Amino acid sequence: MNSVQAVAKSYQLFNPKAYLQNNYVPPRADFSSEQSVMCWKLRCLHEACAKGEIKGHTVLDIGSGPTIYQLLSVFENFDEVIMTDFLEVNREELRKWLKNEPDTFDWSPYFKHVCKLEGKGESWQNKEKHFRERVTRVIPSDIHQPCPLGKEFASGSVDCLVSSFCLEACSPDLEAFQKALENIVGLLNPLGHFLWIGALEESYYLAGEAKLTVVPVTEEMVKAALGKAKCVIREFRTYSMTPAMKVGVDDVSGIFFVWAQKRDNK
Ligand SMILES: Nc1ncnc2c1ncn2[C@@H]1O[C@@H](CSCCNC[C@@H]2Cc3ccc([N+](=O)[O-])cc3CN2)[C@@H](O)[C@H]1O
């Protein structure tokens, strides 16, 4: 078994509901405090999307996990949202929420917060309804494959790429991290936009019984990786984890937010 296969094996114990409880409820998702890491993430995504440049037909989310928050500011500028993950348990968690089935995670505080950020007076129920309508597919992905979504998705087939906390958490080392970045950027049209959120200097995280290994990356490593992947950085922001945000489920020290654009290949 090689190192990528070992990572895949470690994910067999991944528990989506435990993962959601670890990271997507207070204190990390405390909407009463602008200092919470989730308020920072949603602000970064909102401010980038509010500039009006990030739009097109298809937006693809790589390594969605069981979460949707990463798409709440970007989805309305696209006709089609494709969500993806390596694990069927995560894809099933997303499908159940999209079908409004019982016993799924309550994302309403997130919709309410994004509506507040946008200040258009839109009801959160309306935004939630639109989001459910816009997500057309929830499909498998593997960032370690040259074609992460399989042969159906040729290179240069999407207008915007989103990925949050995936690459560093599924790559055994920096070489695999770099190759995975190039694999997913290969899906992006030239000049396509990339909204990327990730963990800085994290070496592990918990998701129920699973303890997953993470390749620790620094701001400089992320910037260098984007350059090698032929992406131009439009915005690079970081958040340092405060003591209140350190809840014992990982050893992450900070979060990065990137808005990047794939270079034109002319
Ligand atoms: N080969 C693969 N291709 C695509 N996806 C794959 C592959 N392997 C696994 N996956 C898929 O990727 C995974 C994505 S979840 C990764 C979690 N990353 C670490 C965690 C996240 C987190 C969240 C929030 C905060 N915070 O402070 O607010 C901090 C942190 C830091 N810890 C998972 O869905 C798996 O199913």
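**View 1. The largest pocket has a lining of 23 nonpolar, nine polar and seven charged residues.** Here Ala, Val, Leu, Ile, Met, Phe, Trp, Tyr, Cys and Pro count as nonpolar, Asp, Glu, Lys and Arg as charged, and the others, Gly among them, as polar. This is a predicted model, in which local features need pLDDT of at least 70 and side-chain atom pairs pLDDT 80 or more, while totals for chains, interfaces and linings use all residues. Residues are numbered from 1 along each chain as its sequence is written, and side-chain values use heavy atoms, without hydrogens or water.

The volume of this largest pocket is about 570 Å³, counted as the space filled by probe spheres set on grid points joined across faces, edges and corners. Look for Y11, F165, C166, A169 and Y205, the closest to its centre among 39 lining residues. Two or more lining residues come from each of α1 (3-10), α2, α3 and α7; helices (H or I, at least four residues) and strands (E, at least two) are DSSP runs numbered from the N terminus. A pocket is an open set of points on a 1 Å grid over the protein atoms alone, where a 1.4 Å probe fits, with protein on both sides within 12 Å along at least five of seven lines; lining residues have an atom within 4 Å of a point.

**View 2. The ligand sits in the largest pocket.** The elements giving two or more residues to the shell around the ligand are α2 (16-23), α3 (37-49) and α7 (167-170). Of the 26 residues around the ligand, D85, D142, I143, F165 and E202 are the closest; each surrounding residue has a heavy atom within 4 Å. By class, this shell has 14 nonpolar, six polar and six charged residues.

View 3. The protein covers 99% of the 750 Å² of accessible area that the ligand has on its own (Shrake-Rupley method, 1.4 Å probe).

**View 4. The second largest pocket holds about 200 Å³ of space.** V185, A229, K230, K262 and R263 are the closest to its centre of 14 lining residues. α8 (174-185) and β5 (188-200) each give at least two residues to this lining, and β5 has the largest share, three residues. The lining divides into four nonpolar, four polar and six charged residues.

Methods. A molecule sits in a cavity or pocket if more than half of its atoms lie within 2 Å of its grid points.
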